[in-house]
Amino acid sequence: MEIKKLNDKVSVAVQIQLSDLATIAEAGFTTVMSNRPDGEEIGQPSFAEVKEAAEQAGLKAVHVPVVSGGMMADDPVKFGQVVDEAEGAVLAFCRTGTRSAILWSLDQGARGNSSEQVIAITTAVGYDLSGLASQIDNNAREANENG
């Protein structure tokens with residue numbers, strides 16, 4: 001399992017396995033967030049299974065499922081709420097980590113961060129999200145106008 005740190009509060013990863021949860025807790029995370037709908041792929045652990053194993057490892061588990069290619073406008077908002085409510089570091093995961101990185105990026109824009117800042121971070125950890133630049137900047141512009 002490769003964990004990619006986006007900032008001090010959020011990291012992203014590919015689909016985790018139930019056996020990874022103890023290691024995730026030992027790494028200092030307090031919350032795991034699944035960004036996959038149940039049943040997206042054969043063999044994928046259900047969120048109920050993830051939640052049970054997470055709780056056994058001392059982690060909080062939150063489900064913010066996003067259909068690949070079908071992100072809704074409020075999905076990044078939900079992602080940001082989980083991050084804000086978490087007592088410590090959050091590990092968000094999906095099939096490849098990209099969906100979680102996109103959610104984080106759009107949330108960062110809504111927090112007033114520019115696409116240049118956000119895309120530099122995601123590119124450094126291996127996600128090319130340059131196609132989201134205008135959307136991130138629109139979110140930032142709205143955030144700054146609404147103060």
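What is the relative accessibility of Asn7? At 25%, Asn7 counts as partly exposed. The reason lies in the cut-offs: partly exposed is the range between buried, under 20%, and exposed, over 50%. Please keep in mind that every view here shows a predicted model.

**View 1. Asn7 and Ile121, brought together from separate stretches of the chain.**
Start in the loop between β1 (3–5) and β2, where Asn7 lies. Along the sequence, Asn7 and Ile121 are 114 residues apart. In space, their C-alpha atoms are 8.4 Å apart.

Ile3 belongs to strand β1 and is partly exposed, with 31% relative accessible area. From Ile3 to Glu142, you would count 139 residues in sequence. The distance between their C-alpha atoms is 31 Å.

**View 2. Glu40 and its two arginine partners.**
Which residue forms a salt bridge with Glu40 with the closest N and O atoms 2.5 Å apart? That partner is Arg36. Glu40 is partly exposed, at 30% relative accessible area, whereas Arg36 is buried, at 1%. Arg99 also forms a salt bridge with Glu40, and here the closest N and O atoms are 2.9 Å apart. This pair links distant parts of the chain, 59 residues apart: Glu40 sits in the loop between β3 (29–34) and α2, and Arg99 sits in helix α4 (residues 98–110). Arg99 has 10% relative accessibility, so it counts as buried, because buried means under 20%.

**View 3. Lys78 and Asp74, and then the salt bridges as a group.**
How many salt bridges does a search of the whole structure find? The search finds seven. In one of them, the side chains of Lys78 and Asp74 meet, with 3.6 Å from N to O. Lys78 is partly exposed, with a relative accessible area of 38%. Asp74 is partly exposed too, with a value of 37%. Elsewhere, salt bridges with shared partners join Arg36, Glu40, Glu41 and Arg99 into one network.

To find Glu52, look in helix α2, which covers residues 47–56.

**View 4. Inside the largest nonpolar core.**
This core has 24 residues, and those touching the most other members are Val10, Met33, Phe79, Trp104, Leu129 and Ile136. At least two core residues come from each of β2 (10–13), α3 (75–85), β5 (89–93), α4 and α5 (115–124). Which element gives the most to this core? It is α4, with five residues.

**View 5. Gln117 and Ser105.**
Gln117 is placed in helix α5. With a relative accessible area of 43%, Gln117 is partly exposed. Twelve residues separate Gln117 from Ser105 in sequence, and their C-alpha atoms are 9.7 Å apart in space.

**View 6. Ser130 and Ser68, a pair of serines.**
Look for Ser130 in the loop between α5 and α6 (133–146). Ser130 is partly exposed, and its relative accessible area is 42%. How far is the C-alpha atom of Ser130 from that of Ser68? They are separated by 18 Å, while the two residues lie 62 residues apart along the chain.

Notes
Residues numbered from 1 in each chain as written. Predicted model: local features only at pLDDT ≥ 70, side-chain atom pairs only at ≥ 80, totals over all residues. Heavy atoms only, no water. Helix = DSSP H or I, 4+ residues; strand = E, 2+ residues; numbered from the N terminus. Salt bridge = Lys/Arg side-chain N within 4 Å of Asp/Glu carboxyl O. Buried < 20%, exposed > 50% of the residue type's maximum accessible area, 1.4 Å probe, protein only. Core = buried A, V, L, I, M, F, W, Y, C linked by side-chain atoms within 4.5 Å.
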